[in-house]
Amino acid sequence: MSSTKIFLKSSDDKTFEIDETAARASETLKNIIDGGCLDGVIPLPNVSSNILPKVIEYCKKHGGDNGSSKKIANGGVDKDKEILPDYDEEEDKREKVRVDELKKWEEEYMDFDQQVLYDLMLAANYLHIKGLLDLTVEKAASMIRGRTPDQIRENFNINSDFTPEEEEEMILIEDEWDDEWAFD
Amino acid sequence: MNSSSSSSASSHSEISPPPIVATGESESPHPFLLLPNLPDDVALQCIARVPHFYYSDLSLVSKSWNSLLRSPILFSTRNRLNCTQHFLFINIRIPGSSFKWFAVDHTQSNPRNLSPVPPIPSQAIGSAVAVIGPRIYVIGGSINDVPSSTVWIFDSRFSRWEVGPKMRVGREFAAAGVLSGKIYVMGGCLVDTFARSTNWAEVFDPVLGSWAPVPSPVEVREKWMHGSAVLDDKFYAMADRGGVVYDPGEASWGYVSTELDLGWRGRAAVVDGILYCYDYLGKIRGYDVKEGIWKELKVVQKDLPKFLCGATMTNIGGRLSVVWEEKGTGNQKEMFCAEIEVHKDSNGGLCGSIVWSQLILVIPSSSSIIHCLAVGF
């Protein structure tokens with residue numbers, strides 16, 4: 001069955017084509033399609049032509065489901081095991097291959113600079129594409145997790161608004177903690 | 001989760017362009033955006049994915065971050081995003097009766113760092129522990145050889161110890177476990193008075209914030225407990241000889257089977273309905289209640305030593321986490337941790353594969369691992 005084509009117009013007036021099944025990965029687009037208000041082209045005033053192809057690429061890959069590899073790996077496999085004690089090992093292997101392949105795809109897909117990351121996050125948020133939002137937000141979170149305050153400020157271009165005195169006081173509280181940690 | 005999908009469905013009628021998005025209440029106290037060039041609701045999702053564990057560093061980033069980290073919005077977002085993460089908390093006793101607590105972020109990639117956790121203002125010897133949600137309960141123990149009824153509660157989200165409601169009797173080396181969101185404790189006290197007899201077993205309801213006695217037949221009231229576990233909605237308390245099983249649903253008592261009693265050594269953990277502990281040869285074995293037999297856990301890789309000394313284990317997010325000691329250089333011993341994915345093979349045997357395994361801490365050789373717990377927050 002060939003899928004209906006949908007046309008999306010970026011903020012800078014460029015039109016892109018996407019299959020309806022792929023477009024349904026976006027809650028926002030899905031609602032527009034199901035609402036029957038489809039009038040040829042869907043304008044997306046918050047998504048530029050730089051980023052829209054990247055969004056479409058994601059939607060194509062994920063079609064109907066809008067989960068990420070993580071969701072499948074954590075939720076799917078284990079649950080099945082619980083329900084069926086003699087779970088099919090072949091099926092399990094195929095599932096693993098599928099998850100591995102998806103992970104590899106995500107890794108390549110996510111290889112871009114920070115501006116693209118921001119734009120993708122905003123687009124995924126606006127279009128309600130949960131899997132893509134999870135993926136991009138997780139990448140931003142990895143730039144925070146385990147970093148020093150200085151590294152975080154540098155990564156995100158944040159200016160500290162603490163006065164030197166305030167900062168010193170907060171670091172003192174931190175140090176008290178670290179002392180607890182030493183074996184004496 | 002249904003709640004998250006319905007909330008996203010209901011909210012997309014209000015698609016508003018960036019940049020200013022109020023997070024929850026309309027009066028946002030933050031003069032600056034959390035992350036420049038990103039609306040705060042998206043930034044909030046990024047920060048919410050970082051475990052609470054790192055918050056002491058995050059609070060130094062800026063004033064808006066600092067106030068976010070103390071706000072309930074952050075916790076509700078973490079909850080909504082299903083970002084609860086499990087941490088392995090390890091309690092060590094060092095000679096001279098001092099105790100230290102550490103936490104390991106087991107999800108982090110190599111090497112996994114141990115972080116210090118503030119100590120309990122005064123930790124007793126032989127306390128029992130239980131975990132409900134983000135809270136660790138350290139129950140009783142003896143202070144100057146007197147069993148105490150004090151309960152300390154650690155809220156992992158705020159890294160803070162507080163005194164909880166006292167038990168009805170003092171206990172040391174009691175058994176504790178969580179069933180249907182309530183903490184059951186039993187034993188660890190003499191039954192020489194009416195009060196101690198009737199309160200031999202107690203239950204704590206965190207909603208009511210109080211302890212209540214659990215009626216028990218006289219013959220099950222053993223004194224000291226060396227192990228406990230919750231298996232199949234029943235509470236198992238192992239005494240020096242034998243052990244008792246309590247079923248809170250039926251309010252019924254029974255004895256632990258000889259097979260289970262003979263194989264149970266040290267601290268046990270339950271994963272997928274199988275009770276794991278290490279046997280006298282230092283191997284990990286699992287007890288299948290339905291079959292009533294012990295099986296050796298066959299671990300595929302060779303990362304585990306032949307003999308696990310002083311092993312403690314726990315269920316961390318559906319995996320078996322094992323902490324053990326090895327001899328270090330000089331006056332020290334090394335503490336190792338391994339996380340094992342366990343499952344049944346087609347013949348019903350227990351198989352495990354090591355997800356990660358590494359040296360996590362070097363401690364003075366006279367110290368010992370007291371507790372190892374998994375906490376999600």
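**Figure 1. Salt bridges across the interface of chain B and chain A.** In this predicted model, the rule finds three salt bridges across the interface of chain B and chain A. One of these joins Glu166(A) to Lys63(B). The closest N and O atoms of Glu166(A) and Lys63(B) are 3.5 Å apart, which lies inside the 4 Å cut-off for a salt bridge. Side chains of opposite charge can pair when their charged atoms come close.

**Figure 2. Polar contacts and the elements on the side of chain B that touches chain A.** Five residue pairs are in polar contact across the interface of chain B and chain A, with both residues at pLDDT 80 or more. Elements of chain B that give two or more residues to the side touching chain A include four helices: helix 1 (2-11), helix 2 (40-48), helix 3 (55-58) and helix 4 (63-68). Strand 2 (98-105), strand 3 (114-117), strand 24 (332-344) and strand 25 (350-364) of chain B also give two or more residues each. Helix 2 of chain B gives the most, with five residues. By class, the side of chain B that touches chain A has 28 nonpolar, 13 polar and eight charged residues.

**Figure 3. Extent of the contact between chain B and chain A.** Chain B supplies 49 residues to the contact and chain A supplies 45 residues. About 4,100 Å² of area is buried between chain B and chain A. Carbon and sulfur atoms give 68% of that buried area.

**Figure 4. An open four-stranded sheet in chain B.** The four strands of this open sheet run in the order 4-5-8-9 (chain B), and their pairing is antiparallel. Strand 4 (128-132) and strand 9 (160-164) of chain B are the edge strands; each has a single partner strand, so one side of each has no neighbour in the sheet. From one strand to the next, the twist averages 25°.

**Figure 5. Pairing of strand 8 and strand 9 of chain B.** Strand 8 (residues 151-155) of chain B pairs with strand 9 of chain B in the antiparallel sense, over five bridges. Asp155(B) stands opposite Arg160(B), a residue of strand 9 of chain B.

**Figure 6. A salt bridge between two helices of chain A.** Over all chains, the structure holds 27 salt bridges. Among them is the pair of Glu101(A) and Lys61(A), whose closest N and O atoms are 3.2 Å apart. Glu101(A) belongs to helix 5 (residues 89-109) of chain A and Lys61(A) to helix 3 (residues 52-62) of chain A, so the pair ties together parts that are 40 residues apart in sequence.

Conventions. Residues are numbered from 1 along each chain as its sequence is written. Chains are lettered from A and ligands numbered from 1 in the order in which they are written. This is a predicted model: local features need pLDDT of at least 70, side-chain atom pairs count only at pLDDT 80 or more; totals for chains, interfaces and linings use all residues. Side-chain values use heavy atoms; hydrogens and water are left out. Contact means heavy atoms within 4.5 Å. Buried area is the accessible area (1.4 Å probe) that two parts lose on being put together, summed over both. A salt bridge is a side-chain nitrogen of Lys or Arg within 4 Å of a carboxyl oxygen of Asp or Glu. A polar contact is a pair of N or O atoms within 3.5 Å; within protein, one must be able to donate a hydrogen and the other to accept it, and residues adjacent in sequence count only if both atoms are side-chain atoms. Ala, Val, Leu, Ile, Met, Phe, Trp, Tyr, Cys and Pro count as nonpolar, Asp, Glu, Lys and Arg as charged, and the others, Gly among them, as polar. Two strands pair if DSSP finds at least two bridges between them. Axes are lines fitted to C-alpha atoms, for helices over the stretch in contact, and angles run from 0 to 180 degrees between N-to-C directions.
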